[in-house]
Amino acid sequence: MNQTLKLKWHSIYGQILFVRKLYKAWMQVKENKGAGGIDGETLESYEKKLDKNLSVLLQKLRDKAYVPSPVRRRYIPKKKMGSCVR
């Protein structure tokens, strides 16, 4: 009853080293109407060569040669709320 739980810990990095996972992530970006990056590439242009782009990305990840671009910050206007009691 008082057995020690044996958990396996895996790195997140190791979880993305499969083309099916990259493809699933791509589909989520597309479904959520994600935006292109600061490199100027659009989702449409990336998708035209999707298989090649995902293969190149996967190889860079496996070689640990992938260097992410800086994030493009995008502000989303918020509705102004009345004064809140704090």
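Biologist: Is the crossing of α2 and α4 left-handed or right-handed?

Modeller: The crossing of α2 and α4 is right-handed. Keep in mind that this is a predicted model.

Biologist: What kinds of residues make up that contact of α2 with α4: nonpolar, polar or charged?

Modeller: Nine are nonpolar. None is polar and none is charged.

Biologist: Which residues in α2 meet which in α4?

Modeller: From α2 come Val-19, Leu-22, Tyr-23 and Trp-26. From α4 come Leu-50, Leu-54, Leu-57, Leu-58 and Leu-61.

Biologist: At what angle do α2 and α4 pack, and how far apart are their axes?

Modeller: The angle is about 125°, and the axes are 10 Å apart. That makes α2 oblique to α4.

Biologist: Step back a bit. How many helices and strands does the chain have?

Modeller: Four helices and zero strands. Along the sequence the pattern reads α-α-α-α.

Biologist: What share of the chain counts as buried?

Modeller: 10% of the 86 residues.

Biologist: And what share of the contacts comes from residues 24 or more positions apart?

Modeller: Taking contacts with a separation of 6 or more, 61% are between residues 24 or more positions apart.

Biologist: Now aromatics. How many aromatic pairs does a search of the whole structure find?

Modeller: One. Trp-26 pairs with Tyr-46, and the pair is tilted. The centres are 5.3 Å apart, with 35° between the planes.

Biologist: Where do Trp-26 and Tyr-46 sit in the chain?

Modeller: Trp-26 is in helix α2 and Tyr-46 is in helix α3. They are 20 residues apart, so the pair links distant parts of the chain.

Biologist: Trp-26 again: buried or exposed?

Modeller: Buried. Its relative accessible area is 7%, and the cut-off for buried is under 20%. Trp-26 is also one of the α2 residues that meet α4.

Biologist: What does Asn-53 touch, beyond its neighbours in sequence?

Modeller: Leaving aside residues within four places, Asn-53 is in contact with Glu-41, Ser-45 and Tyr-46. Tyr-46 is the partner of Trp-26 in the aromatic pair.

Biologist: Where is Asn-53, and is it buried or exposed?

Modeller: Asn-53 is in helix α4. Asn-53 counts as buried because its relative accessible area is 17%, and the limit is 20%.

Biologist: What about Lys-60: which residues does it touch?

Modeller: Lys-60 touches Tyr-13, Ala-65 and Tyr-66, not counting residues up to four places away in sequence. Lys-60 lies in helix α4 too. At a relative accessible area of 41%, Lys-60 is partly exposed.

Biologist: How far is Lys-60 from Leu-17?

Modeller: In sequence, 43 residues. In space, 9.9 Å from C-alpha to C-alpha.

Biologist: Backbone next. What is the phi of Lys-33?

Modeller: Near 55°. That is a positive value in a residue other than glycine.

Biologist: Where is Lys-33, and is it buried or exposed?

Modeller: Lys-33 is in the loop between α2 and α3. Lys-33 counts as exposed, at 73% relative accessibility.

Biologist: And what is the phi of Lys-64?

Modeller: Near 55°, also positive. Lys-64 is in the segment after α4. At 67% relative accessibility, Lys-64 is exposed.

Terms used. Residues numbered from 1 in each chain as written. Predicted model: local features only at pLDDT ≥ 70, side-chain atom pairs only at ≥ 80, totals over all residues. Heavy atoms only, no water. Helix = DSSP H or I, 4+ residues; strand = E, 2+ residues; numbered from the N terminus. Buried < 20%, exposed > 50% of the residue type's maximum accessible area, 1.4 Å probe, protein only. Axes fitted to C-alpha atoms, helices over the stretch in contact; angles between N-to-C directions. Parallel < 35°, antiparallel > 145°, perpendicular 65-115°, else oblique. Left-handed = near helix turned anticlockwise from the far one by under 90°. Contact = heavy atoms within 4.5 Å. Nonpolar A, V, L, I, M, F, W, Y, C, P; charged D, E, K, R; others polar. Phe/Tyr/Trp six-rings, centres within 6.5 Å; stacked < 30°, edge-to-face > 60°.
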